[in-house]
Amino acid sequence: MKGLRENRPPLAERDKAAILHPFTVLADHLETGPRIIAAADRITLTDDSGKRYLDAASGLWCVNVGYGRGEIADAAAEQMRALSFAHSFGSCSHEPAIRLAERLLELAPGNMARVFFGNSGSDANDTQIKLVWLYNNLLGRPKKKKIIARRGAYHGASLGAGSLTGHATVHDGFDLPIANILHTDCPDYHRRADPAQSERAFSDMLAAKLDALIEAEDAATVAAFIAEPVMGAGGVIPPPEGYFEAITRVLGKHDVLFIADEVITGFGRIGHWFGSEAFGIEPDLITLAKGMTSAYLPMSACLIAQEIWEVLVEGSKRMAPFGHGFTTAGHPVAAVTALKNIEIIEREGLLENARTVGGYLRERLEDVFGDHPLIGDIRGLGLMAAIELDADKGRRRPFGPELKVGSRLGQCCWEEGLIVRGALDKSVAALAPPLVVSERDVDAIVERLVRAVDKLAQSLRAEGLWAG
Ligand SMILES: Cc1ncc(COP(=O)(O)O)c(C=O)c1O
């Protein structure tokens, strides 16, 4: 047995021979191979060669309490021994799911009445689509089905959620979007506003365009609007001033539901339990995943407002059982993991930390990049921030996507021992470190980012791709 193992090819070769990687250029991967992470603690990852990286991306925006929490592992192991699985189909239940649902409803903004559990952000957003359709069917409005998402948004990659996502990479080749999904403008002030336009004027313009879209489609066919309170994977786009006020006014006028996708902004990322609180949004449906368990285990949830819940209950008297659900949803081990994670966020004051250290992060980024000729925009909220690279800073002109400047910056960061997130169609380095970061950690992150940006600037100049 020992001899056999010794004769195996290295892990990288075995990966290439066995795994299809998400959001990866498959042919390139076969050339370059994987980056193999072997261990993690707090905010640091170690790869299989022993090199260490500061993870300023919290994995995929999800490891809110940081890596290596023994108390989460203990809670999960204890639950696995006591009740390793119980489902929730057909009125079955268990205490961990009940306690977690109660906790989520306590923390949630607005008038949330029930929790539906899932396993990923994508399946939760698929559930939201189905809930919206069912709600309108039960109300006798079978035509009111269209859901409006925003270009640049990320809501997942499954058939429904991938359709809501506003990126060609997720649609092209997969025959998405499905019917009844529309897209409206991205509230990207840096890239899309007229330079003379105030943020408020830009927000009003976007709301007017949404209004026009709903009227053109016929409000009787438009059911819901979905938005991340701060767009994440689209490049960290906080709403411009007055945006959600103006948008919710339009939705109210046309009786259109608001789905808040809080998969990234939930659980403290921007200094509140939920991003909706920061903008006075009162959603009808909320999607949660990632930070709910800090990704120690997969879990997601849809929170359902009272008025929708009442329609579902009333309708259930006339129809078959609620015909939707997943085997492992509300899993007891994931539920205790989420409860322990929430306890840690509360006990360690991580919401407050996200606000104060997040403020410090933006200050440091302004200090080092405010006058940098390659950096056109610095933005963020709480522990969600981004720098965006401009080919011509004065004119806010972007680099062409074919230059892959964003992924080159990401690569320079890896070389400097720093992990950031790029964006699908922007030259961006997004920073969303675990909520436990200190100001000293931020100093170390920013120092490495400066080295990476300078390295990229030098190579772009040397290749004649940038004249700054
Ligand atoms: C806002 C948002 N919604 C939904 C999802 C999809 O979550 P998952 O990858 O768990 O399916 C993501 C993932 O990045 C996300 O950022």
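Ala, Val, Leu, Ile, Met, Phe, Trp, Tyr, Cys and Pro count here as nonpolar, Asp, Glu, Lys and Arg as charged, and the others, Gly among them, as polar. This is a predicted model, in which local features need pLDDT of at least 70 and side-chain atom pairs count only at pLDDT 80 or more, while totals for chains, interfaces and linings use all residues. Residues are numbered from 1 along each chain as its sequence is written.

**Stop 1: the ligand**

The shell has 15 residues, and Ser 120, Gly 121, Ser 122, Gly 156 and Val 263 come nearest. By class, the shell splits into 6 nonpolar, 7 polar and 2 charged residues. Next, select helix α7, residues 121–138, which gives the most to this shell, with 3 residues. Helices (H or I, at least four residues) and strands (E, at least two) are DSSP runs, numbered from the N terminus.

**Stop 2: the two domains**

Colour residues 35–65 and 349–462 as domain 1, and residues 71–347 as domain 2. These bounds come from an automatic or database domain assignment. The C-alpha centres of the two domains lie 26 Å apart. Domain 1 puts 32 residues into the contact and domain 2 puts in 27; two residues are in contact if their C-beta atoms, placed from the backbone, lie within 7 Å.

On the side of domain 1 that touches domain 2, select α4 (58–61), α16 (350–369), β11 (375–381), β12 (384–389) and β15 (426–431), each of which supplies at least two residues. That side of domain 1 has 19 nonpolar, 6 polar and 7 charged residues.

**Stop 3: Arg 150**

Go to strand β5, residues 146–150, and pick Arg 150. Is Arg 150 buried or exposed? Arg 150 is buried, because 25 other C-beta atoms lie within 10 Å. The cut-offs are 20 or more other C-beta atoms within 10 Å of the residue's own for buried, 12 or fewer for exposed, and anything in between for partly exposed, with C-beta atoms placed from the backbone.

Leaving aside neighbours within four places in sequence, show the contacts of Arg 150: Gly 166, His 183, Thr 184, Asp 185, Cys 186 and Ala 227. For a distance check, Phe 85 is 65 residues from Arg 150 in sequence and 38 Å away in space, C-alpha to C-alpha.

**Stop 4: the sheet that holds β15**

Select β11, β12, β15 and β14, which in that order form an open sheet of 4 strands with antiparallel pairing. Two strands pair if DSSP finds at least two bridges between them. The edge strands are β11 and β14 (421–423), each pairing on one side only. Neighbouring strands are turned by 25 degrees against each other on average, direction ignored.

Within this sheet, β12 and β15 are antiparallel over 4 bridges, with Ile 387 opposite Ala 429. On the other pairing, β14 and β15 are antiparallel over 2 bridges, and Arg 421 stands opposite Ala 430. β14 and β15 also form a hairpin with 2 residues between them.

Why is β15 largely enclosed by the rest of the structure? 6 of the 6 residues of β15 are buried, so the strand is largely enclosed. In a regular strand the side chains alternate between the two faces of the sheet. In β15, Lys 426, Val 428 and Ala 430 are buried on one side, and Ser 427, Ala 429 and Leu 431 are buried on the other.

Axes are lines fitted to C-alpha atoms, for helices over the stretch in contact, and angles run from 0 to 180 degrees between N-to-C directions.

**Stop 5: the mixed sheet**

Select β1, β2, β3 and β13, an open sheet of 4 strands in that order, with mixed pairing. Its edge strands are β1 and β13 (418–419), and each pairs on one side only.

- β1 (residues 37–41) and β2 (residues 44–47) run antiparallel over 4 bridges. Ala 40 has Leu 45 as its bridge partner. In their hairpin, with 2 residues between the strands, Arg 42 takes a positive phi near 55 degrees.
- β2 is joined to β3 (residues 52–55) by 3 bridges, also in the antiparallel sense. Leu 45 is bridged to Tyr 53. This hairpin has 4 residues between its strands, and Gly 50 in the turn has a positive phi of about 95 degrees.
- β3 and β13 are parallel over 2 bridges. Asp 55 has Ile 419 as its bridge partner.

Conventions:
A residue is near a molecule or strand if its C-beta atom, placed from the backbone, lies within 6 Å of it.
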